[in-house]
Amino acid sequence: MANSAAATGTITGEHSADGGTTARWRQWLTSWGLLIWVGYLLAIGLFAMTGSDLAPYDPTAQQVLARLLPPFSASSRGFHWLGTDPLGRDMLSSMIAGARLTLFIAVVSTFAGMAVGVALGMMAGYYGGLVDRLVMRLTELQTAMPMFLVAIFFLTVMGPKVINVIIILPALVWPAFASLVRAETMRLRNCLFVEAAVASGCTERSILWAHILPNLASRIAVLAVIEVGHVMLAEAGLSFLGIGVQPPQTTWGLLIAKGRPYLAVAWWLAIMPGLMLGLTVLALNLLSRRLATASGAAA
Amino acid sequence: MSKQPPLLEVKNLCTQFLTARGVLRAVDDVSFSLRHREAVGVVGESGSGKTVGALSMLRLFGPLDKVALTGQVFFEGTDLLQLSEAELQHIRGTQIAVVFQDPLTSLNPVMPVGEQIAESLRHHRRLTQAAASNRARELMELVGIGDPARRFDDLPEQFSGGMRQRIMIAIAIACEPKLLIADEPTTALDVTVQSQVLMLLNRLRKELGMALMMISHDLGVVAATCDSVQVMYGGRLVERGTVEALLSRPNHPYTTALLQLAPRLDGELQRRLKPIPGQPMAAYGERRGCRFAQRCEFARERCLAEDPPAFKIEEDHFSACWFAEERFASA
Amino acid sequence: MAESAKPKMTERLPLIAATKETPEPLLTVEALEVRYTLRENRTLTAVNKVSFRLYPGETLGLVGESGCGKSSLGRAILQLTRPAAGKVWFLGKDLTELSGAALRSMRRHMQIVFQDPRGALNPRWKVGRIVEEPLRAHRLARRDERRKLAKEMLLQVGLEESYMDQRPAKMSGGQQQRVGIARALVTRPKLVVCDEPVSSLDVSIQAQIVNLLQDLKETMEVAYLFITHNLGVVRSLSDRVAVMYLGEFVETAPSERLFARPLHPYTRGLLVSVLRPDLAARRQLDATERFMAGDVPSLLNPPRGCRYHPRCPYVQERCRAESPHLENADREGGEHWVACHFWREIPAFDHEARP
């Protein structure tokens, strides 16, 4: 009794049948604030998938007479919600078009980092010993390095191509996954049902796949959502510095870079993409935190 | 027994919890009384309400519990449920003390044990540091912890389970309470250590003139330490009587079933035990009828429909079964 | 596979023979040692050179209190923890020499039921999958067949078919333990180690599970190594009983013999300490005083000589110096082994335990 009281905060030691999951998900879904952010992310996702089709105007269509119009202005073409750039291209359309590559790079890089991190983390956590020490050294090594500078160096040497960006960015995120997965795997490895699986005659591989990994899934997902945001910011930084994505491809980072010289006269050129970037990362953070509580990852 | 008013008088105690699964009636209209220096055993399985009942008397709930508590708990004439938290805090520890099941989680792992005993003395009795420490050492001696001077500064992890339980007892009796509630104090201990702790409790009870409420699922433990027994099931009190009466003339079907469960170590060998079918269920929501009816081999329609009251079958022996008198007559 | 050498027998190993007429033991444990290394390079010997035999279909009850090493022994036999020394002969093979796939294939014939029914089941899996898992691991049946076998097994342990698709979290402790038992028996093993299978259950449920194990033992002809501290349960279920103290066997005998005529002082102390729910209980409690002075010593520093001597009411000088070996106390040629220097001299055990 005392034990369960400590754990659940109640003397009845109530475990609700499914661990309270249904109740939590229901609470989560009916929260208005969160729905707004989820809606926003869905919109961004939609933009990313459909590209410039959804944009009101062709982002590459120049209209010099309508250059540098502030937000909420009209031109002969139509209404510009977010203004136009020095060549008369509609900002909103540019940003929608930019969403695609930004998201693509962020998601792919995160997944790559996740795959590497989870694999290494599981091996380190399950087998321990030499494997564990090796992986730990690697993570420590990398955490000690200023990864952003390394990325800059890498891109300068290898050339600022999208493919190189996607190669180097996972390096930023894999240690976080490895750490998390290693700790969780070690905890799960000591669980009785894993010992039961060993006693039943299961191979190590099947134990890792069928017992350990599913119990890690929700935690990994929560981390992945946050890391997409981090990667997005990192890519924006690199593109801003000019060694990431190059024109004619657009990402938000690049848009910010192009708008920087005009900050004094046409603030919306840099601020608008920056805002969109910031809102997206914020939305991802909030979603991640809510996912953590809803999936009971904290429990 | 003298006609002294009872030490503890519980009337219609009802404890309900609001949980994810609905309303849990952990303690359902329980009434009993306890005289000074009397030892009562509260027997039941999980969901019987035996522990919650005792904790309810002192309003010891967890911070996240959503509780509805009704009834009256008269301790030396004062209704504990009406007291303020501050007044109740004073009673806890000085008048009524509790010893829990698991000494490992009940003791502070980073504080020396002597300190933990002295803490109670300093707080409740306002003793000075030195006086409290001295008394703590005396108490350690009293409960059978050898070399108290040296062991005063040891941490709980340096003691065995039985020793830790003795420390818990020392903390509990430090202010010489009138009532000691022991919640499954020996369940987590080895059977050989259990004997020692129970003997200690018996001895202390006699020396300090305490009343004892021994909560256990083990009728043997209760038989060895108590004067009377209360059997609980599903939050209700199903049988109450002296140890002699209950063991020789058990009346309620649950009591008889419990007695038959324990496989004996001597006498005839039972290859097959006599289990009670089904499982002990906690009482969620409304429920009509006898709580035990679904598992009772003697149940009739009436049992499922109506709640039986407590029938008096002999002096100081009550049984809450529709067939209590019949069963008593034929026994 | 080359014929495995017969287990080496020496004079000093106490060998416990069958109470039945079956010639070949299912399991032979020889001088098994289990050690754990702690911080500061201290070692704890949880099991100290234990030997015994188990015959097909037999139930050996292993009793002792916490820290006696019984759980460690059970796990070491199954190679869930690797023993530091000794041999375990099972179905003709020495398990201590096996590893990897060879060891895994043996697991089909030897299973375990755990003390914590909830923890032993993966909370995310459905019951059907849990029970099927051993079949999958050993590739014993195809998918449909597996499902059918799992269903049958569940029925045998008293759970309806509808439980196949439920998750363990919603089930009671008793039901969860039934699932654990179903999983252990689905591959029709020859040996099941039951590690305190009923200790965490309510008393009314304990009896149900004990009866279930009894039934299954008869229908499936499986041998149990039944580990527990509950003497009453052991008496019902076991053919033979072994009493363990601080990592060693102190007494073994056929079940009825042990309870009727316990020879070792520790066994007597255990029996006396189990309080009977009757009017003699208080007297019984007082009588235990002479048997169990003090606490169980730590395994880190076991007493010299006979490990029980600090707590023994009959202790003599020899006990402090010399560790007794198991000797056969049965004059009629039966098997009642006890490790005590003075078992002959100690007065007969009085069940009424009058002081």
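This is a predicted model: local features need pLDDT of at least 70, side-chain atom pairs count only at pLDDT 80 or more; totals for chains, interfaces and linings use all residues.
A nonpolar core is a set of buried Ala, Val, Leu, Ile, Met, Phe, Trp, Tyr and Cys residues joined through C-beta atoms within 7 Å. Good morning.

The largest nonpolar core contains 271 residues. Those with the most contacts inside this core include B:Ile117, B:Ala170, B:Leu180 and C:Val192. Leaving aside residues up to four places away in sequence, B:Ile117 touches B:Ala136, B:Leu139, B:Met140, B:Ile167, B:Ala170, B:Ile171 and B:Ala174. In soluble globular proteins, nonpolar side chains tend to be buried together.

Let us turn to the sheet in chain B. Eight strands form an open sheet with mixed pairing, in the order S6-S7-S8-S3-S9-S10-S12-S11. Its edge strands, each pairing on one side only, are S6 (96-99) and S11 (311-314). On average, neighbouring strands are turned by 20° against each other, direction ignored. Helix H1 (residues 50-57) of chain B packs on this sheet and touches strands S3, S7, S8 and S9. The direction of H1 makes about 145° with that of S8(B).

Within the sheet, S9 and S10 of chain B run antiparallel and are joined by six bridges. Here B:Gln230 stands opposite B:Arg240 in S10(B).

Finally, I draw your attention to two loop residues. B:Glu184, in the loop between S7 and helix H8 of chain B, has a positive phi near 45° without being a glycine. B:Asp316, in the loop between S11 and S12 of chain B, also is not a glycine and has a positive phi of about 65°.

Which of the two words, buried or exposed, describes B:Glu184? B:Glu184 is buried, because 21 other C-beta atoms lie within 10 Å and the cut-off is 20 or more. B:Asp316 is exposed, because it has 12 other C-beta atoms within 10 Å.

Methods: Residues are numbered from 1 along each chain as its sequence is written. Chains are lettered from A and ligands numbered from 1 in the order in which they are written. Two residues are in contact if their C-beta atoms, placed from the backbone, lie within 7 Å. Two strands pair if DSSP finds at least two bridges between them. Helices (H or I, at least four residues) and strands (E, at least two) are DSSP runs, numbered from the N terminus. Axes are lines fitted to C-alpha atoms, for helices over the stretch in contact, and angles run from 0 to 180 degrees between N-to-C directions.
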